[in-house]
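Thank you all for coming.

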Amino acid sequence: MTDTPAPSGTPSQTSSQAPLVGVLMGSSSDWETMQHAVQMLQSFGVPHEARVVSAHRMPDELFAYAEGARGRGLEAIIAGAGGAAHLPGMLAAKTPVPVLGVPVASRHLQGVDSLHSIVQMPKGVPVATFAIGAAGAANAALFAVAMLACRDAALRQKLDAFRAAQTEAARAMKLPPAA
């Protein structure tokens, strides 16, 4: 996986195909975490877009993105946010497309505030919530891949191979001798 430049207002895509997954973040400072979702999607060849859409500073753009997501062919949205972390919930409130929330670590509360904000959605407005930080971003992308793989045999084979490689890497682990 290579470093990808930080997103701007213009979406980035992996190919000329229409994106299947949107990767949104509330600020470019969230890129340090969210790049792990993009890298995982790239490694599976999943067409995606990445962009900054702030729930607080760009509410009209947020609503337009959410309301148009299904019509543009998006099948999942991975939304990373720190602090009050309103982005995933507001997206979920405005689109039927599944939203996968990634808490981004904040300076003062290390992302626990973000986790609580995302995971505590009211009944009827679900957001699948992942771990704080890079692991959560990567796992959100893997979850999106798994959802897409339900109807895409080639993607399912890639996911099966990824999981088999993880299993083999774990089996190959050796512990250092006891001191």
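How many positive and how many negative side chains does the protein have, and how far apart do the centres of the two sets lie? There are 13 positive and 12 negative side chains, and the two centres lie 6 Å apart, where Lys and Arg count as positive and Asp and Glu as negative, with His and the chain ends not counted, and where each charge is placed at NZ of Lys, CZ of Arg, CG of Asp or CD of Glu.

Before going on, please keep in mind that this is a predicted model, in which local features need pLDDT of at least 70 and side-chain atom pairs count only at pLDDT 80 or more, while totals for chains, interfaces and linings use all residues. Residues are numbered from 1 along each chain as its sequence is written, and side-chain values use heavy atoms, with hydrogens and water left out.

As for the fold, the secondary structure comprises six helices and six strands, taken as DSSP runs (H or I of at least four residues for helices, E of at least two for strands) and numbered from the N terminus. Along the sequence they are arranged as β-β-α-β-α-β-α-β-α-β-α-α. The radius of gyration is 17 Å, close to the 16 Å that the globule rule gives for 179 residues, so the protein is as compact as a globular protein of that length; the radius is taken over C-alpha atoms, and the rule is 2.2 Å times the number of residues to the power 0.38.

Of the 179 residues, 42% are buried, meaning under 20% relative accessible area, as against exposed at over 50% and partly exposed in between, with a 1.4 Å probe and protein chains only.

Most residues other than glycine have a negative phi.

Finally, strand 3 (residues 48–52) has five of its five residues buried, so it is largely enclosed by the rest of the structure. His48, Ala50 and Val52 point one way, whereas Glu49 and Arg51 point the other way. Strand 3 pairs with strand 2 (residues 21–25) in the parallel sense over five bridges, pairing being assigned if DSSP finds at least two bridges, and methionine 25 has valine 52 as its bridge partner.
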